[in-house]
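Open the model in your viewer and keep the selection tool at hand. The stops below are given in the order in which to select them.

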Amino acid sequence: MAVVRSYVAGRWFAPDGGTPVYDAVTGEMVAEVSSKGIDFGAALAYGRQAGGPALRELTFHQRAALLKALASHLREHRDELYALSAKTGATLGDSKFDIDGGIGVLFSYGSKGRRELPNDTVYVEGDVEPLGKGGTFLGQHILVPRRGVAVQINAFNFPAWGPLEKFAPAFLAGVPTLIKPASQTAYLTARLVELIVDSGLLPEGSLQLVCGSAGDLLDHLTEQDLVGFTGSAATAQRLRAHPSVVQRSVRFNAEADSLNCSILGPDAEPGTPEFDLYVKQLVTEMTVKAGQKCTAIRRALVPAALMDAVADAASARLARVTVGNPANPDVRMGALASLEQREEVRRSLKALLAAGRVVFGDPDHVEVVDADAERGAFVSPVLLRVDDAERAEPHEVEAFGPVSTLIPYTSTDDVIALAARGGGSLAGSIVTSDADFARDVVVGADDERLQAVGLVVVRGLVAACPSPVDGLRSGARIRITFGHLGVPALCLSPLLVHEGDPGQAHFQLGTEF
């Protein structure tokens with residue numbers, strides 16, 4: 001059985017055996033994963049000493065051009081990646097969502113880097129600021145790359161998009177990357193990195209890969225390094241409290257559990273385009289990637305008078321979803337990433353059922369096509385209904401799978417309060433054609449706990465987002481979290497101070513973006 005290799009310090013490393021990883025559809029062993037024998041301190045040092053200097057020699061435009069060239073290279077190998085992705089339980093549509101999405105991120109950063117950043121190795125930020133009288137004491141901020149490594153610790157659900165969306169802004173900013181994928185789907189990420197390395201496009205040291213346990217990786221972080229984490233809130237809390245992260249003030253960004261909501265406006269009754277759109281999107285979010293998406297709708301906030309109508313319409317659409325082997329073209333939803341993930345979803349469902357009841361599906365049984373429902377990590381789409389909106393469970397428990405809960409609201413103030421109970425949702429949406437209702441909810445939801453609210457309407461009002469600075473500052477995805485192209489948060493922002501002769505200047509370090 002193949003052992004998933006890591007790529008550290010400029011060479012491929014294959015351990016002797018490791019933890020078995022299984023095909024999510026058939027239950028057969030795919031590979032073994034282990035990081036035993038890897039010197040994490042040496043890997044980080046190599047990134048800083050080899051990757052960092054090589055990247056800093058390039059201008060933003062040169063890095064952007066390499067990202068576009070890399071995207072074109074990976075696009076030629078999509079079919080191979082799709083085939084591997086199917087072993088994770090993904091349908092072809094799911095695989096395109098992940099793989100094409102990741103490649104699209106590279107294209108996007110490549111294009112925007114050329115259009116919006118200078119053809120230089122530094123980025124001048126803002127205007128010259130007078131710091132004294134007479135114009136002889138001036139200040140100017142510039143952005144320069146941090147002299148560390150961007151360490152990314154990723155979740156299992158997006159083995160291609162996840163690493164690429166973190167890699168792109170780091171590379172554009174001139175910071176080398178070390179990828180630590182989740183073991184369940186590490187074989188797909190490893191093949192992706194093999195294709196990148198084999199392309200010969202990237203400077204040596206700018207990208208490394210560690211498959212298996214993170215070991216003592218965090219022990220070797222310095223104040224110049226960054227950590228981008230995607231996974232559970234409990235793990236994020238533990239990593240954020242790591243002594244090295246705390247003592248060295250390592251910049252740590254986490255994308256964790258997210259009880260996203262979608263709000264149906266009281267005007268969106270059955271027969272309206274808004275009602276149909278809402279139901280269609282709810283079912284789509286439940287079934288794409290088998291619901292294993294950080295932005296999936298977990299809480300469907302519906303006017304109390306429309307609960308039955310939404311339940312019936314969503315159930316009718318869910319009944320048409322075929323579950324099974326992604327190799328069958330009729331299958332619309334594949335398996336979860338692993339049997340362990342299926343058990344985790346079932347545990348979460350038990351907690352949610354304490355507050356409500358099943359409208360559609362069976363947590364313990366599912367009919368599948370061309371597969372064994374027990375050997376594969378299959379689970380039925382499950383739509384729940386909670387009639388007591390004040391119950392804590394739907395606002396605190398996330399079943400990371402094809403699960404969503406209908407929750408009633410009685411007024412605008414009520415739905416605003418319910419939306420905020422997600423306690424830090426990554427995203428939310430409103431489906432309505434009532435401009436006043438939309439405005440009241442968007443303004444009322446201007447709360448940093450509700451990080452982003454998109455407004456989806458069929459007619460009448462343009463999309464809106466509350467609190468564009470505070471709301472997105474704590475968002476999870478690096479492409480929005482890190483502001484302009486993701487570059488500023490990956491850079492230092494020294495203050496260039498002019499004293500006396502404007503032609504003379506010195507750096508005042510210690511001021512960061």
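Which backbone nitrogen lies 3.1 Å from a polar atom of the side chain of Gln-292? Select Gln-292 and Ala-337: the nitrogen belongs to the backbone of Ala-337. This is a polar contact (a pair of N or O atoms within 3.5 Å; within protein, one must be able to donate a hydrogen and the other to accept it, and residues adjacent in sequence count only if both atoms are side-chain atoms).

Before going on, note that this is a predicted model, in which local features need pLDDT of at least 70 and side-chain atom pairs count only at pLDDT 80 or more, while totals for chains, interfaces and linings use all residues. Residues are numbered from 1 along each chain as its sequence is written, and side-chain values use heavy atoms, with hydrogens and water left out.

**Around Gln-292**

Stay on Gln-292, in the loop between helix H9 (273-287) and strand E13 (299-303). Helices (H or I, at least four residues) and strands (E, at least two) are DSSP runs, numbered from the N terminus. Gln-292 counts as buried because its relative accessible area is 4%; buried means under 20%, exposed over 50%, and partly exposed in between (1.4 Å probe, protein chains only). Now show its contacts, meaning heavy atoms within 4.5 Å. Beyond four places in sequence, the partners of Gln-292 include Phe-156, Asn-157, Phe-158, Phe-400 and Gly-401.

Next, select Ala-290, in the loop between H9 and E13. Its phi is near 50°, a positive value in a residue other than glycine. Most residues other than glycine have a negative phi. Ala-290 is buried, because its relative accessibility is 1%.

A cavity is a set of points, on a 1 Å grid over the protein atoms alone, where a 1.4 Å probe fits but cannot get out; a pocket is an open set with protein on both sides within 12 Å along at least five of seven lines, and lining residues have an atom within 4 Å of a point. Grid points are joined across faces, edges and corners, and a volume is the space filled by probe spheres set on the points.

The second largest cavity holds about 90 Å³ of space. Of its 13 lining residues, select those closest to the centre: Thr-88, Ala-90, Asn-157, Lys-289 and Gln-292.

Move to the largest pocket, with about 980 Å³ of space. Among its 40 lining residues, Phe-156, Phe-229, Gly-231, Ser-232 and Thr-235 are the closest to the centre. Strand E10 (226-230), helix H7 (233-240) and helix H11 (339-353) each supply at least two lining residues; the largest share, four residues, comes from H11.

**Two further stops**

Select Val-21 in strand E3 (residues 19-22). Val-21 counts as buried because its relative accessibility is 6%. Its C-alpha atom is 9.8 Å from that of Val-3, 18 residues away along the chain. Residues touching Val-21 include Glu-28, Met-29, Ser-183 and Tyr-187.

Finish at Asp-370, in the loop between strand E14 (357-360) and strand E15 (382-385). Is Asp-370 buried or exposed? Asp-370 is exposed, because its relative accessibility is 53%. Its phi is positive, about 55°, although Asp-370 is not a glycine.

**The whole chain**

Zoom out to see 16 helices and 21 strands. Of the 513 residues in the chain, 55% are buried.
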